[in-house]
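Student: I would like to learn how to read a structure like this one. Can we go through it feature by feature?

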Amino acid sequence: MNSPPRPTQPTEKRCSKRGSSENKIQLPLVLILLGLGLWGGFLAYGAYLGISDQAPSHDPRRAWIMLICVGSFLLFWLTALALRGKRANHPSDSQPNKPRQIK
């Protein structure tokens with residue numbers, strides 16, 4: 001009835017290794033997101049200024065269109081990454097399907 005306690009140290013090491021690898025993956029993603037956000041803001045600002053020799057105008061609608069397009073792209077991208085992460089962490093995906101043995 002009384003079984004010896006299980007060692008917990010290997011599990012803790014695996015968790016710490018997993019955490020550091022996730023941080024290595026998250027840093028580039030955050031940098032890419034920030035870069036795309038800044039780029040979208042720069043494009044929106046340029047669209048707002050409407051630099052033209054013939055008719056310069058400051059139209060905020062153009063800036064909103066740019067921000068909505070960049071924001072939609074980032075939202076789609078993050079959703080795809082989140083779905084991919086859920087699928088990759090699914091326990092049935094980690095074990096390959098074994099063919100049934102015919103008796």
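Tutor: Start with a cut-off: a residue is called exposed when its relative accessible area is over 50%, and buried when that area is under 20%. Leu34 has a relative accessible area of 53%, so Leu34 is exposed. Keep in mind that this is a predicted model.

Student: Where is Leu34 found?

Tutor: Leu34 is found in helix H1. Together with Leu27, Val30 and Leu31, Leu34 makes a nonpolar surface patch of about 390 Å².

Student: What should I know about the spacing of residues along a helix?

Tutor: An α-helix has 3.6 residues a turn, so residues three or four places apart point the same way. With that in mind, look again at the numbers of the patch residues: Leu27, Val30, Leu31 and Leu34.

Student: What is the secondary structure of the protein chain?

Tutor: The protein chain has 3 helices and 0 strands. Along the sequence the pattern reads α-α-α.

Student: How do I check the length of a helix such as H2?

Tutor: Compare its span with the one expected at 1.5 Å a residue. Helix H2 covers residues 60–88, which is 29 residues, and reaches 42 Å from its first C-alpha to its last. That is close to the expected 42 Å.

Student: Which residues in H2 are buried?

Tutor: Ala63, Val70 and Leu74 are buried there. For the protein chain as a whole, 8% of the 103 residues count as buried.

Student: How much accessible surface does the protein chain have?

Tutor: The accessible surface comes to about 9,900 Å², and 63% of it belongs to carbon and sulfur atoms.

Student: What about charged side chains?

Tutor: Side chains of opposite charge can pair when their charged atoms come close. The structure holds 1 salt bridge. Arg61 forms a salt bridge with Asp59, and their closest N and O atoms are 3.1 Å apart.

Student: Are Asp59 and Arg61 buried or exposed?

Tutor: Arg61 counts as exposed because its relative accessibility is 61%. Asp59 counts as buried because its relative accessibility is 18%, and the cut-off for buried is under 20%.

Student: Where is Asp59 found, and which residues is Asp59 in contact with, leaving aside neighbours within four places in sequence?

Tutor: Asp59 is found in the loop between helix H1, residues 9–49, and H2. With those neighbours left aside, Asp59 is in contact with Ala47 and Tyr48.

Student: How do I read contacts over the protein chain as a whole?

Tutor: Look at how far apart in sequence the partners are. Among contacts between residues at least 6 apart in sequence, 42% join residues at least 24 apart.

Methods:
Residues numbered from 1 in each chain as written. Predicted model: local features only at pLDDT ≥ 70, side-chain atom pairs only at ≥ 80, totals over all residues. Heavy atoms only, no water. Helix = DSSP H or I, 4+ residues; strand = E, 2+ residues; numbered from the N terminus. Expected span 1.5 Å × (residues − 1). Buried < 20%, exposed > 50% of the residue type's maximum accessible area, 1.4 Å probe, protein only. Contact = heavy atoms within 4.5 Å. Areas by Shrake-Rupley, 256 points an atom, 1.4 Å probe, with all protein chains shown as cover. Patch = residues over 30% accessible without salt bridge, like charges linked within 9 Å, V, L, I, M, F, W, Y side chains within 5 Å. Salt bridge = Lys/Arg side-chain N within 4 Å of Asp/Glu carboxyl O.
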